[in-house]
Amino acid sequence: MNTLRLQLRFLLPLLVTLAVAAYLAVPLMDRLTQRWFARDLNLRGELVANTLSDSIADALKTPSRGRLAGLFRRAAKDERLVAIGLCSRDDNELLQHTENYPPDLACQDARAAAAMPSPVLQIEGGPVHVGVHQVMSESGPIADLVLLQDFSYIGKRSQDTRKYLIVLITALGAVIALITVVVAQLSWRGWVSGARALLRGEGLIRPITPPGELAPLAADLRMRLRDLEDEYRRSMGLEVPWNAEALRLLLRTKLRGDEVIVVSNREPYIHDRAADGGVVVRHPASGLVTAVEPVMRACSGTWIAHGSGTADRQSVDSHDRLRVPPGDPMYTLRRVWLTPEEEQGYYYGFANEGLWPLCHVAHVRPVFRESDWDFYRKVSQRFADAVVAEARSEDPIVLVQDYHFALLPAMIRARLPKATILTFWHIPWPNPESFGICPWRREILEGLLGSTILGFHTQYHCKNFLETVDRYLEARIEHEHSTITFRRTETYVESYPISIEWPSPEQQASWRPVEECRARTAKRFGLAPGQRLAIGVDRFDYTKGILERLHAVERMLEKHPELIGAFTFVQIAAPTRSSLEEYRFFQERIERLCARINERFGSGGGAPPVILVAEHHEHDALMEIYRAADACLVTSLHDGMNLVSKEFIAARSDEQGVLILSRFAGAARELTEALIVNPYHVEECADTLYQALHMPPAEQRERMANLRQTVREFNVYRWAGRMLVDAGRLRQRQRIEERVLRHSAG
Ligand code: F6P
């Protein structure tokens, strides 16, 4: 029906134009052909007159007209010559004529008719062309010869021409109409398939290119939607107080209870076999888990992760699922099993020996092995299968976490084209040159560009990513809207600084008072009363700047020997990726350095200047240490964000304690009241540590109060909320586009 209407819109004006053309062209053509034929007959008459002139002149010299009559009779045998007459020039007398000459056609009438633009007369036998031609003698014109030539065949020819012309115009019309119909059909199909693509959910990932007349409208619509989105995003800024309830509300309203699936390598709860044969539940030392877990508690859904605990298999149901948190179930954890070879290749190999040093640029060489890459791809496919298996709808919201799954977004997109895929890259993104050394740089970028939204901690990392895509892929980058369109999939690249859950008043009330924390910590580490304490809390990773901070401690003690015996630095380092040589060497190096510093500055009886605790600590134990410390050192050489800095701030409800923060951690962009340092600059770090230990309580309070305000507002619910708000608006846009297309199609 729509096709027919669309075609009629083209065809009707075309047919009307053709009819008007035919109406005007046929009489015009008629007149023209008659004029051409009349001119031909005139020339022919002229020829006949010239031929007969001499004979007529001779015949006129004789008194008898018999010779003249014979001459005319012979001439009139020409089938086109209907009649001949001869008029005298002076008295208009008809001197001689053939038998068929019309009796009522006087000489002057014949002359008048011949002078007309269309010298045609209707006589008894039909239409005749009238021509009057001079008969010349040596002395000049002596008479006028009137030739009446048959014109009926001309009328017939002109009728034929008219017929041909009408046939020609009709044929032409038919051909043009046919072409129009074909073009309209093709373009209509373009529309229909475009609309279908949208209905299949490809509208967002494959921008529709509406044909011809609707293209400007669609472009306009898209522009307008984007402007509205920008306004909307601005309006969703700081004003909204983000907490678990706000996030739940967002999911219920803006996302209408849509299904949320998280995919990460690290699982939030690890079941391990205990020495006594029982099972213990561990919480991993992971910034990612710290951030995503409260979000999952708020929005339920399913979290898919690698089941890495020694008792993980015995804690799941037959579908490899279990409800967590244990004892207070709020969402589903779905475990994916990997063989030791797969874990080695995908996690230790490609992710942690390749991508981790590649993105951190912390002077450890990335290692890229073909076999690791194969495992990385294979495991990604396994997780993509798990996402498809867990999805209850065709358009879930899938939150893909981190560098372990760069290929996953495109794999999910291929199987669930309508899914909204939010990928968050928890580590830094390097500049194009650094990234360029990865042999599979194109594949990684292509995988990530299957995402609807790709998030980084900072604007700087977004910029690096856009430049990297620009360097290595043929993609359309719109800096104004921060989007990349690759193979007709649009990815929105944005910074979402990750954070922690701000402790609730109940949680804060459950904490031990600061004095008690100090006392317990002092006891644990053998600190003397009043001994100053600085801490570092990290995974045992070479990117964390542990070595550099120990050098700073050593330098401070060198510069300020009065602090020897009065100051201790405690480094909590959770073992991580220990099966990798680089990490083992690093740990050994730190242990040696600690031993050397203690040897150098140990005071005999009291606590040593540095204490290394290479153990995993649960959250409560960390809170106690955070609350006991005078200063916390976060000196990462490069860090996406660093949540230890935010945890320390959250723990300091007494508004005391000083944060020393690396300028190369993403957190430095937000936590500006911290003492910001260059971790490579040992002297500066040593002086800053000294400054922290001597900072007056009032200044500590002022700084800490501001820092707490920032972390409270810019909490993890805001991080997730902003991403989900963006997901919501993109889903909304997709729906509006679908509706508009459906409307214009119907
Ligand atoms: O920094 C990236 C990250 O995934 C963090 O989110 C997390 O703290 C850490 O790496 C965890 O590493 P892993 O899971 O290898 O122990």
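The model is predicted. Elsewhere in the description, helices α19 and α21 pack at an angle of about 115°.

**Ligand shell**

- The residues around the ligand are R266, S286, G287, L288, Y347, W356, D402, I427, R539, T576 and R577.
- By class, the shell holds four nonpolar, three polar and four charged residues.

- The side chain of Y347 has an N or O atom 2.4 Å from an oxygen atom of the ligand.
- For D402, a side-chain N or O atom lies 2.5 Å from a ligand oxygen.
- L288 takes part through its backbone: a polar backbone atom is 3.0 Å from an oxygen atom of the ligand.

- Two or more residues of the shell come from α7 (287-299).

**Helix pair α19 and α21**

- Helix α19 spans residues 644-651, and helix α21 spans residues 697-713.
- Their axes are 9 Å apart, at an angle of about 115°.
- Because of that angle, α19 is roughly perpendicular to α21.
- The crossing of α19 and α21 is left-handed.

How values were computed:
Residues numbered from 1 in each chain as written. Predicted model: local features only at pLDDT ≥ 70, side-chain atom pairs only at ≥ 80, totals over all residues. Heavy atoms only, no water. Near = heavy atom within 4 Å. Polar contact = N/O pair within 3.5 Å; in protein donor to acceptor, adjacent residues only side chain to side chain. Helix = DSSP H or I, 4+ residues; strand = E, 2+ residues; numbered from the N terminus. Nonpolar A, V, L, I, M, F, W, Y, C, P; charged D, E, K, R; others polar. Axes fitted to C-alpha atoms, helices over the stretch in contact; angles between N-to-C directions. Parallel < 35°, antiparallel > 145°, perpendicular 65-115°, else oblique. Left-handed = near helix turned anticlockwise from the far one by under 90°.
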